[in-house]
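Here are a few notes to read alongside the model. Have a look at it first, then work through the points in order.

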Amino acid sequence: MPLLLSSASPTVDAVMLEARAAGFAKRSIKNEAKLAAIDLAIRCIDLTTLEGRDSPGRVRSLCAKAAYPAPGAPRVAAVCVYPNLVAVAKQALLGTGVLVASVATAFPSGLSSLDVKLRDTEAALASGADEIDMVIDRGAFLAGDENHVFAEIAAVKTLCGPIHLKVILETGELGSYDATRRASDLALEAGADVIKTSTGKIGTSATLATALVMAEALRDFARRTGEQRGLKVAGGVRNTKAAIAYLVLLDETLGDPWLSPGLFRIGASALLDDLLMQREKLATGRYSSLDYFAKD
Amino acid sequence: MALAYAPALESTPVRIAARYDHFIGGRWVPSSSGQTFATVNPATEEELAQVAVGTPEDVERAVAAAREAYERYWRPMRPADRAKFVYRIARAITERSRELAVLETMDGGKPIKESRDFDVVQAAAHFFYYAGWADKLRYAIHGSEHPEPVGVVGSIIPWNFPLLMAAWKIAPAIACGNTIVLKPAETTPLTALLLAEICEEAELPPGVVNILTGDGRTGAALVAHPGIDKIAFTGSTEVGKIIQKTVAGTRKRMTLELGGKAANIVFADAPLDQAIEGVVTGIYFNQGHVCCAGSRLLVQESVHDEVVDKLKARIETLRLGDPLDKNTDIGAINSAAQHAKISELVQSGVAEGAVLYQQSCALPARGFFHRASFFTGVSQSHRIAREEIFGPVLSIMTFRTADEAIEKANNTPYGLSAGVWTDKGSKSMYVAQRLQAGVVWCSTFNQFDPSSPFGGYRESGFGREGGVAGLHPYLSV
């Protein structure tokens, strides 16, 4: 097994990082540019439901919205569910082009044995998951056991084979931008196809500054290896303005190839409604009541 | 697909008169000569307004008005009441911030993003800060229970931060009980005149603030006038030297804030992506029309190539164009003359053998624009390493040890600012203590606050503006 991430990661300084991140949110994207950005954001959504009370009926309803969000609007990239509901989602999305992503590896804490994590992933794959969203063991990472984290990611990736593996760093628990950068480098070296900010299960989810650190890791990785890997921001991206700020971040940090669902995802649920409302507003010149948008 | 940024133009809720008079003794007074000159929008090359030419007679009248206001209203006033006026000006700036920002951008060419989020905000902050000092001056100087104002201040300010520089001069001067005659720069008089309108609306007693427009001759008459007690000048080192000669042998006090050629020092252990942001802020903020701009980049040799690669990529994301577009990062060069000066120095850099890189964007068909640029392979002896360019042009040099970086950074007649980028606190402190510069930013650049003193070493001038130190030039013990 390829092991041991040796080279040190670049350090990150919070002051200028956050200043740069704030600059992305200041870009003013208007009119036709805004409409194009909204449609791109919709196409990049992993429409997500990860609640203890999720049921087959709830998932089918979400899938319907994922495939046909609104008249004229593009479909989302994927639906993201727990392993038990992958089969339901898969069937509901048959022929729509919308992928099914499953969380796995003892989501959201990741505190289980590697064996259990692999069995969890296997179950999701057996049910037909097109993508796997795994979590890293933050406890091991913070204890300094990078090899353990690396080995787990590599093992899950081996199991996934060509299936896309998104690795959730849960940056809100890592404590510093330096740690986020280190975890990003580690996940990429271990074989992550996509690095993802958060589970959405703790208070601090994706922020522009965190995403910028991860985008810089992706940019440096691409420069070093020639390989383009993806970014997923999850949790806290609730409105159009926030989503567009992330697109600006990608545009100015990574460039065109990342402005596509192949290399960028937004894990969200409420965001889609706001994007649809803004889309409608651009088309008609007025805001519609939220009652006009299906709540799913 | 690429993410397009459609034009996002700021609307222009500002009324510009065809012609402006001086503001003297609380009234709008035409030039005694009847002459006016044009002020131009550098982004369109179109005339915005005609502005009065200040003659020696106008200076005479303005100084007399300031003297009368000083004796009659301002010095005798209770300090707490003076503070109320200064607070009132601060609030009015905040209330009219959008108008001021748009006018600043139209008259000077700076991006609306900067005038809106920096210039106007800082200008209001200075008035708020010094308003608070007005009735607490006994705490400003150790050992002086009752410091007195100095009298009538004559002030000449530059075109790079027109409103903000007016605020830097007026706020401490009037908070301390002085009155002032201020001459804005020839190319950017409009926001100072709007500030005069604000003083009028704030019912500031007539003559406390007087705004006199004109060119270098007006400034010379103001400096030479015997009724002036203190000169406060911000501008070029060349003019600063002339002023110092003029004032020699008189009772006039003086503070000068002059040019700079600041070194931004990047060590190999610095967080490089963030250092690049500091480099960009350092030299491309306000098109490099910044006296404390980080115009020399000293990079540790082992990371030179990486830094240059990152900087090349970063300047491609800078959006150059209409300063009124909210997405514009690089606006217009302030004037045709300044544009010619920058171009001449860039040519000298190429001729002396340095390698020029520029962002690849197209330039607008009209207006004075200059691409974000930097030179590699620069030697300490090159003109672009020694002379202040005052434009979006960076000179990159290398060093191997901290002591070499310090030596190179200090090897200039100037000493206004410097930047240090390293992950090690001890190294930061070691270098900062040895840099001969009025302000040293560690792991950041171009940060300002009214409570923080600003000013130069050596040919960058003397005296401090901002903070408690900024009160001293306006007080006698």
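How far apart do the C-alpha centres of domain 1 of chain B and domain 2 of chain B lie? They lie 30 Å apart.

1. Before going further, some ground rules. This is a predicted model, where local features need pLDDT of at least 70, side-chain atom pairs count only at pLDDT 80 or more, and totals for chains, interfaces and linings use all residues. Residues are numbered from 1 along each chain as its sequence is written, while chains are lettered from A and ligands numbered from 1 in the order in which they are written.

2. On confidence: pLDDT is the predictor's confidence in each residue, from 0 to 100. Chain B averages 97, and 100% of its residues score at least 70. The model as a whole gets ipTM 0.93 and pTM 0.95.

3. Back to the two domains. Domain 1 of chain B covers 19-258 + 457-476, and domain 2 covers 263-442; such bounds come from an automatic or database domain assignment. Where they meet, 20 residues of domain 1 of chain B are in contact with 25 residues of domain 2 of chain B (contact means C-beta atoms, placed from the backbone, within 7 Å). On the domain 1 side, α3 (97-108) and α4 (112-133) of chain B each supply at least two residues, and α4(B) gives the most, with three. Helices here are DSSP runs of H or I, at least four residues, and strands are runs of E, at least two, numbered from the N terminus.

4. Now the chain-chain interface. Here 20 residues of chain B are in contact with 27 residues of chain A. Helix α9 (residues 272-284) of chain B brings the largest share of the chain B side, five residues.

5. Strand β10 (residues 230-234) of chain B and β11(B) run parallel, joined by five bridges (strands pair if DSSP finds at least two bridges between them). F233(B) stands opposite L256(B) in β11(B). Is strand β11 (residues 253-257) of chain B mostly covered or mostly exposed? Mostly covered: four of its five residues are buried, where buried means 20 or more other C-beta atoms within 10 Å of a residue's own, with C-beta atoms placed from the backbone.

6. Finally, the interior. A nonpolar core is a set of buried Ala, Val, Leu, Ile, Met, Phe, Trp, Tyr and Cys residues joined through C-beta atoms within 7 Å. The largest has 97 residues, and V79(A) is among those that touch the most other members. Leaving aside neighbours within four places in sequence, V79(A) is in contact with residues including L47(A), L62(A) and V100(A). A second, separate core of 86 residues includes I24(B), V223(B), I243(B) and L256(B).

Methods
Contact = placed C-beta atoms within 7 Å. Buried ≥ 20, exposed ≤ 12 C-beta atoms within 10 Å, placed from the backbone.
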